[in-house]
Number of protein chains: 2
Amino acid sequence: MTAGQTIDRISYGVIMAGGSGTRFWPVSRQRLPKHLLDIFGERTLLQETWDRIAPLFPPERILLVTAADQKEEAARQLPLLPPENILAEPQGKNTAPAIALAAFQINRKAPEASMVVLPADQLISGAESFRKALATALEAARLSKGLVTLGVMPDAPATGYGYIKRGRERFEAAGEKVYQAERFREKPSYAEALECLAEGCYLWNSGIFIWEVAAILTALKRWLPEIYQTLGEIEPVPGTKEAQKRLNEAYEALPAISIDYGVMERADEVLVVPAGFCWQDVGSWDAYYKVSPKDQNNSALKAGGSVVQDSQGCLAVSPGKLVALVGVENLLIVETDDVLLVCRRGDSQSVRAVVEELQKRGKREYL
Amino acid sequence: MTAGQTIDRISYGVIMAGGSGTRFWPVSRQRLPKHLLDIFGERTLLQETWDRIAPLFPPERILLVTAADQKEEAARQLPLLPPENILAEPQGKNTAPAIALAAFQINRKAPEASMVVLPADQLISGAESFRKALATALEAARLSKGLVTLGVMPDAPATGYGYIKRGRERFEAAGEKVYQAERFREKPSYAEALECLAEGCYLWNSGIFIWEVAAILTALKRWLPEIYQTLGEIEPVPGTKEAQKRLNEAYEALPAISIDYGVMERADEVLVVPAGFCWQDVGSWDAYYKVSPKDQNNSALKAGGSVVQDSQGCLAVSPGKLVALVGVENLLIVETDDVLLVCRRGDSQSVRAVVEELQKRGKREYL
């Protein structure tokens, strides 16, 4: 069975673009989170996600779940996406409600379909091996009727990702081995991450899920009945004010919970397909520095020009300006029209604390 | 004798505003050097210099020597200064030619007058004791017919200033002691500066000079005959194109030399008046950090707002923007419309190297 054959079955691609944009502040903002930015290349991460799956699904079978206040920009960036395929969440409630919303929507049109869930904020290279892994996973989902996830071969003791322990081999699908997912581990400490690497049977949790619509709805009904109940009853693309109000109220009441925690860690039939593509969840300015091409000073200076004296290991994002560095090391420097951030490399997780502080002070103009 | 009486004699104040503006780059530029900036307070350093001497001299007896391309801005900042009192140098040739230009100009109007030479780029507090020291120095110049300088009591082993060794006491003037200036020392090493302090008879060379016009012209004639000859023959405020051309040509040919090196270190009758005012030649961003009021993190953040996480000892100059610092220490951060400078504190002398690099690359727009 080839990738082409697999995708001929009715299957949907669901792009999850719900990020709130604190980690790439000040470039990312509430209405312009990471996946809508083009700081990673000529295309935004959302557009790259689209490009990656466009060969697999016709546009009418691609759904986008996003925040209501990002909907317009997302639509602008994906002109081929039918407007009715955008499911706008009134507020962020983590991944489980977003996935449920999409599953119910697909279920209305094609209850026999499979679906692939793809976070929009990941950097992936190796599109061919990505699509091959998806073909394997879709076939595995069809054969097992279970929940399938892609596991990325780790090449470092990363503490920023979740890990999945690969269990016994279950079967082959599309010529590749499929394993039982034995255990999900939240982001580990460095020592734990080293252990995971040493054991050799841990994979990074990519957040990419594959299942038949019936399978995920069954699992949601069992493990997250409140979400199942609430979202099963409402129309995700409201046409009227009344419908919008119902959607808002439904979301207001929902628990915010991830699909990993709410379903994957509990369900019985969870499989993992080891994936060969190069994957990075670029979740911070530190990670962004890591993936950026460096100059001879080990710096990445995205600016209108630069003069560097005795400085190294810096990231600067200051479009249009001349950046001058003198005697400094390991800094993250990010400048926008209204904000100038200077952060020690390694500390970029604390950028979130800056955003929280601004929230506390009511400085909405900077959020 | 009181200050008032002294100043009743015919005397001129000469403000030297010829700085080129590399040390406070990127805020200072070729056409907007340090003394024309208001980063130090509400008034620019040039305006503060004016304010300091305005009680001593009527406007028609204040001269300003400045660079031709800064003339307009200087005139704008000093609306009371008669336009014909601005002597514009076609190019910077250090202090000796500038002083000679002013001396000849005063000589044409009042050959019997005294003159006080004041750099425009110094921070001075204690205006009363400043004016008292000037009264003493003017009286000393009258009594001795020599060259008088103000020496500042050092309170640290500064390596950025020149030093003057105080010799034997010569006489009292205006009730204060006046000393022989025994030796001029260029900017010392740290070890040498410590020695100077330990010896107890060294003063900082303030660059403020007081003499009768006849005395400085005699000294210039003897020690810098080329400058004396050339500038004695030309009109410093040219009215015609022809006159301007003569001034340009004259300057082109002049040696660039400081009055300290060219005259003060060689002349026989050089006196020093110890001054009690608080004086700082704020010659770099490091020095600027030092004199700025600090917050509880020992930082000086001149910005539209700030959020600070685990950071200290920083200077930020970014008017209008929110500055966010995360995990950083001892940085000088300066932002303008077209440039972003991040420099380690203690390294700001190297900002000059950045400017030189830009010159080399022909990036005139940043100079």
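How much area is buried between chain A and chain B, and what percentage of it do carbon and sulfur atoms give? In this predicted model, the buried area (accessible area, 1.4 Å probe, that two parts lose on being put together, summed over both) comes to about 2700 Å², with carbon and sulfur atoms giving 64%. On the chain A side, Leu322(A), Val326(A) and Leu340(A) lose the most area to chain B, and together they make up 25% of what that side buries. Counting contact as heavy atoms within 4.5 Å, chain A and chain B put in 33 residues each.

Now for the polar side of things. Polar contacts (N or O atom pairs within 3.5 Å, one able to donate a hydrogen and the other to accept it; residues adjacent in sequence count only if both atoms are side-chain atoms) link 22 residue pairs across the interface, both residues at pLDDT 80 or more. Strand 13 of chain A supplies the largest share of the side that touches chain B, seven residues; strands here are DSSP runs (E, at least two residues), numbered from the N terminus.

There are also two salt bridges across the interface, a salt bridge being a Lys or Arg side-chain nitrogen within 4 Å of an Asp or Glu carboxyl oxygen. Glu335(A) and Lys321(B) form one with their side chains, at 2.1 Å from N to O.

Residues are numbered from 1 along each chain as its sequence is written, and chains are lettered from A and ligands numbered from 1 in the order written. Local features need pLDDT of at least 70, side-chain atom pairs 80 or more, while totals for chains, interfaces and linings use all residues, and side-chain values use heavy atoms, leaving out hydrogens and water.

Key
Helix = DSSP H or I, 4+ residues; strand = E, 2+ residues; numbered from the N terminus.
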